[in-house]
Amino acid sequence: MKKFIITLITLLLIVGAALGGAYIYRTKRKNSDPVKVYPVSYFVGNWYESSSSFSGNVVVSDEQNIYIEKDKLVKGIYASPGDSVKAGDVILEYDTTQESLKLDTMYAQLQVSYTDLRLAENQLEKLNNTTPIEDDAEIPKTPAEKKLEEAEKAYDEASEKTIAPLTEYNEAQKTVLELKDEMDTKQKEYDLSVIDRDKASKELDDFYKKNNIATCTDAVPEKIPRTDEEIKNDVYKLDKVIISQHGGLCTVLERANTTYGQKYNALLEITEKLEKATSDCNEKQKKYEQAMDVANKAEAEVDKALEELKKEQDEQLENPEIVYTKTELARAIRLKNEEIRNLNLRIQNQNLSIKRQEKAIEKCKVLAEFDGVVRFNEVTDDVYSGMSPAIVIDASGVYSAVINVDELSLDEIYIGEQVDIFSYDTGMSYTGKVSKIAENPSESGGYYEYTASSYPVSVVIDCGEDLSENMWVEVTTAQTSNYESLQNEIVIPLALCKKENASYYVMKRENGRLKKQVISTGKIYYGTEIVVKAGITASDYIAFPYEKDAVEGKVCKEADLSDLYGY
C-alpha cells in the first residue's frame with residue numbers, strides 16, 4: 001500500500017511538472033520572438049481603378065413609357081405635351097415623405113448599433129486586461145445564479161403539477177360534451193313525444209265535440225264490446241263504430257302519454273347527469289387554473305432571476321475589480337467577441353439597407369432616358385391603375401447600349417454619368433450617358449472573379465446612327481465622382497485576413513499583443529485584394545495571419561512591408 005501511494009505521488013509530481021513546464025513554455029513563447037506587424041496605412045488609397053469597362057449590345061428604342069405607380073403619391077409632373085426633353089431631365093416626381101422618414105429611422109438605428117459596438121469593444125478591452133485566478137475544483141455559483149437555479153427548479157415542479165389537473169379537466173370537458181350531445185338527443189325525443197301526445201289529445205277532443213260527448217266516462221261503456229241488445233238499451237245510444245273509434249283514440253293517447261312520461265323521465269335523468277358533470281368540470285377547471293397560477297408565478301420568478309443574473313453579468317463586465325477564473329474569463333471574452341462579430345454584421349446589413357433605401361428615394365424621380373418629345377396619353381382607369389403608360393417620350397431611332405454591371409460595382413455608376421463607348425463592329429468610338437439602371441438582376445448573370453449578381457444598365461449613345469441592333473460594344477466609365485472616397489479606401493491583400501463563419505478577420509496589434517479583429521468587407525478586386533469598410537483604421541498594424549505564431553496574446557513588433565514581400 002505504501003509503495004502504491006509513493007508511486008501515485010511520484011506520478012502526480014511528474015504530471016504537475018509537465019503541465020507547469022508546458023504553461024511556462026507557452027508563456028515564454030508568447031513573450032518571445034515577436035510576430036511582425038505591418039502598417040495598414042500602406043494599403044490606403046493605392047488600390048483603385050480609375051475606370052471600369054463593361055460589355056453589352058446595341059438596342060434601338062423608339063419611345064419611353066412612364067407608368068404611374070398606384071401605391072405612390074405624385075408630387076409633380078415637370079413636362080407638358082409637346083415639350084422637348086433631354087436625357088436625364090426630371091419628368092415626374094413622387095412624394096418621398098414616408099421614405100425619408102424611414103431613412104431617418106434607419107440612420108438612427110445605425111448610430112445605436114455603432115454605440116453598442118463601441119461599448120462592446122471597450123468591455124472586451126477591459127476583459128483582455130483582466131488577470132484571472134486559477135480554476136477551482138468547483139466554482140461557487142453567484143447569488144444570482146443560485147436564485148435562477150432555484151427558480152427554474154420551482155418552475156419545473158409547478159409545471160409538472162399542472163399535467164394531472166389538465167388531464168382531468170380535459171376528460172371532464174369531454175364527458176360534458178358527450179352528455180350535451182346525449183341531452184340534445186333526449187330533448188329531441190322528448191319534444192317529439194310532446195307533439196305526439198298533444199296530437200292524440202287533440203284528436204280525442206275533436207272526437208268528443210263531433211259526437212257531443214262530454215267526458216271519457218260518458219263515452220266508454222264498462223264492457224267493450226257489448227251485445228246488440230245492450231247497445232240498443234244504452235241510454236247514450238252509441239253505436240259500435242263510435243265505440244270502436246273512441247277506443248282506438250284512447251289507446252293512442254294512452255300510449256302517447258306513456259311515451260311522454262318515459263321521455264320526460266329520461267330527460268330529467270340526463271339533465272341531472274349533465275349538471276353533475278358540469279359542476280365536476282368546473283371544479284377540475286378551478287384546480288387546473290390554480291395549478292397554472294402557481295406555474296405562472298414560478299415562471300415570473302424565473303424571468304426576474306434572469307434579469308438579476310443579466311444585471312450581475314453587466315456589472316461584472318463594467319467593474320474591472322470583478323475577479324474571474326480562467327474559465328470564466330475565457331468564456332466572457334469568447335461571448336464578447338461573438339457579440340462584436342454580430343454587431344459588425346448588423347452594421348454591415350444596416351448600411352446595405354440604407355443604400356437600398358437611398359436608391360429607393362432616388363427612384364422617386366423619373367428621368368427621361370433619351371432626347372425626345374413628351375406625349376400624354378388619355379387619362380383612363382388603366383392609366384390610374386398602372387396598366388398603361390401615362391406619359392410617353394417619343395424618339396426617332398435612339399441607339400442605346402445595354403450592359404451588365406455586377407452588384408458590387410453598381411455604386412460606381414449613376415444615371416446621367418458620361419461614358420465612353422467603343423464598337424468592335426464599326427471600329428469607332430462614341431460618347432454616351434447612363435439613362436437607366438434596372439431594379440432586378442439579370443437572369444443570365446455575369447462572369448466575375450467572385451460570386452455576384454449583375455444588373456442591366458442602359459446607356460444612350462450620342463450620334464450612333466452608323467450602329468445597328470445587337471452590335472457588341474465596350475462601355476468605359478470614368479468614376480471621377482468617387483475619386484475622393486477611393487483615396488481613403490482601405491484595400492488589403494486577401495492573404496492578410498482569414499474567413500470564419502462567413503466573416504473575415506485580421507490579427508490586429510492592440511497594446512503590444514495580437515488580437516483577433518472581425519472586419520466588415522466590400523468589393524474584391526481580381527480575386528486578390530479586398531475592401532475593408534470597418535474593423536481597422538489606417539493607424540492600425542496587422543500581422544500575416546497564417547504565420548505559425550500569429551495567435552491571440554502573442555507579443556508583436558512593427559516591421560516594414562519589405563519583410564512581408566521579401567524585397
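# Helices and strands in a predicted model

Me: At roughly what angle do the axes of helix H2 and helix H8 cross?
Reply: Helix H2 comprises residues 97-128 and helix H8 residues 326-362; helices are DSSP runs of H or I with at least four residues, strands are runs of E with at least two, and both are numbered from the N terminus. Axes are lines fitted to C-alpha atoms, for helices over the stretch in contact, and angles run from 0 to 180 degrees between N-to-C directions. The two axes come within 9 Å, and they cross at roughly 160 degrees.

Me: Is H2 roughly parallel or roughly antiparallel to H8?
Reply: The axes cross at roughly 160 degrees. Angles under 35 degrees count as roughly parallel, over 145 as roughly antiparallel, 65 to 115 as roughly perpendicular, and the rest as oblique. The crossing therefore makes the relation of H2 to H8 roughly antiparallel.

Me: What is left out of the side-chain values?
Reply: The model is predicted: local features need pLDDT of at least 70, side-chain atom pairs count only at pLDDT 80 or more, and totals for chains, interfaces and linings use all residues. Residues are numbered from 1 along each chain as its sequence is written, and side-chain values use heavy atoms, leaving out hydrogens and water.

Me: How many disulfides does the structure hold?
Reply: A disulfide is a covalent bond between the sulfur atoms of two cysteines; the criterion here is a pair of cysteine sulfur atoms within 2.5 Å. Cysteine 364 is buried (under 20% relative accessible area; exposed is over 50%, partly exposed in between; 1.4 Å probe, protein chains only), with a value of 2%. Cysteine 497 is also buried, at 2%. The number of disulfides in the structure is zero.

Me: How many bridges join strand S15 to S16?
Reply: Two strands pair if DSSP finds at least two bridges between them. S15 (residues 503-510) and S16 run antiparallel, and tyrosine 505 stands opposite valine 518 in S16. In their hairpin, with two residues between the strands, asparagine 511 takes a positive phi near 55 degrees. The number of bridges joining S15 to S16 is seven.

Me: Which residue in S17 stands opposite tyrosine 525?
Reply: S16 and strand S17 (residues 529-534) are paired in the antiparallel sense over four bridges. Within this pairing, threonine 521 stands opposite valine 532 in S17. Tyrosine 525 stands opposite glutamate 529.

Me: Which residue in S17 stands opposite isoleucine 492?
Reply: Strand S13 (residues 490-493) pairs with S17 in the antiparallel sense, over four bridges. Opposite isoleucine 492 in this pairing stands isoleucine 530.

Me: What is the separation of the C-alpha atoms of leucine 514 and valine 551?
Reply: Leucine 514 is found in strand S16, which spans residues 513-525 and has 11 of its 13 residues buried. Leucine 514 is itself buried, with a relative accessible area of 4%. Along the chain, leucine 514 and valine 551 are 37 residues apart, yet their C-alpha atoms are separated by 6.6 Å.

Me: Which residue in S6 stands opposite leucine 92?
Reply: Strand S5 (residues 90-94) pairs with S6 in the antiparallel sense over three bridges. Opposite leucine 92 stands valine 366.
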